[in-house]
Structure formats: C-alpha cells, structure tokens
Amino acid sequence: QVQLVESGGGSVQAGGSLRLSCAASGLVYSTYYMGWFRQAPGKEREGVAGISHGTTYTYTLYTDSVKGRFTISRDNTKTTLYLQMNSLKPEDTAMYYCAAGNGYWSSVSWRTESNYNYWGQGTQVTVST
C-alpha cells in the first residue's frame, strides 16, 4: 500500500522559513516523479514544484511565484521528498500536499493533478504578517 506522509508545516512570520518533508512508502520511489501542490482557502489546488524521477540526475520545476524562494529535492535512499521554503509570504498560506506519479513528466505535465497517482493528506502552512 502506497503512503505519502507530509510533515514540517506550521505557523511562521513573513520572511521566515519552513522545510516540508514527505515520507513515501510502498512504491519504488526512484521511479516516480514527485510534486508539491498547495491549496489556499477558496482557491483551486496549484502546482508549486516538481522533480523528475531518476537516480543520477533530476530536473526541477517551479511555479513562477516561488522561484528563487523554494527548493524541491528528493533523497531516494530515504524515500523522502523535501520542500525548503524561504522568504515566506502571507500568500504562501495554504495546505501543502505531496504527490507521486509514474506517467509522463514534462515541463507542462508536472503541474497537472491528474498526472499523479498518489497523494498525501497535506500539512498546513500559515504565514502571518
């Protein structure tokens, strides 16, 4: 049974940092591309960052609003996905979800929810002014 469990969310002041983790189990982790999505109250879920599958070299992609502030990474030995979030802003407040997929990964498909097979339950991030 595949499980994705997020952790690391919390409340932080604007300008602060958080590191989210997503522990994966029940899948051949290195063969799955991974993504972080977020959903703010009253808004649709959006792709935040994606990372390709692989062991030697991986590609990363970001939505424009987080470029230069967020960094996605993966540790295949620990089967864990990370999202380092710096210079947080109030508009980053949302529930953050990790997702795993094994279909077709591209600069367009990475942000498409239907391209992912498995989802975590989410971790809340709240950024105050």
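Tutor: Start with the order of elements: from the N terminus on, the chain runs β-β-β-β-β-β-β-β-β-β-β. Note that this is a predicted model.

Student: How many helices and strands is that?
Tutor: The count is 11 strands and zero helices.

Student: What about overall size, say the radius of gyration?
Tutor: The chain has 14 Å, which agrees with the value near 14 Å that a compact globule of 129 residues would have. Along the principal axes, the C-alpha trace spans about 40 × 30 × 25 Å.

Student: And how much of the chain counts as buried?
Tutor: Of the 129 residues, 44% do. The accessible surface comes to about 6,600 Å², and carbon and sulfur atoms hold 47% of that.

Student: Switching topic: how many disulfides?
Tutor: The count is one disulfide. Cys22 and Cys98 form the disulfide, with their sulfur atoms 2.0 Å apart. The link of Cys22 and Cys98 is right-handed, with 50 degrees about the S-S bond.

Student: Which strands do Cys22 and Cys98 lie in?
Tutor: Cys22 is in strand β3 (residues 18-25) and Cys98 in strand β9 (residues 94-101), so the pair ties together parts 76 residues apart in sequence.

Student: Is Cys22 buried or exposed?
Tutor: Cys22 is buried, at a relative accessible area of 0%. Cys98 is buried too, with a value of 0%.

Student: What about contacts between residues at least 6 apart in sequence?
Tutor: Of those contacts, 60% join residues at least 24 apart.

Student: Last one, how many positive and negative side chains?
Tutor: There are 10 positive and 8 negative ones, and the centres of the two sets lie 5 Å apart.

Conventions
Residues numbered from 1 in each chain as written. Predicted model: local features only at pLDDT ≥ 70, side-chain atom pairs only at ≥ 80, totals over all residues. Heavy atoms only, no water. Helix = DSSP H or I, 4+ residues; strand = E, 2+ residues; numbered from the N terminus. Rg over C-alpha atoms; globule rule 2.2 N^0.38 Å. Buried < 20%, exposed > 50% of the residue type's maximum accessible area, 1.4 Å probe, protein only. Contact = heavy atoms within 4.5 Å. Areas by Shrake-Rupley, 256 points an atom, 1.4 Å probe, with all protein chains shown as cover. Lys, Arg positive; Asp, Glu negative; His and termini not counted. Charge placed at Lys NZ, Arg CZ, Asp CG, Glu CD. Disulfide = S-S within 2.5 Å.
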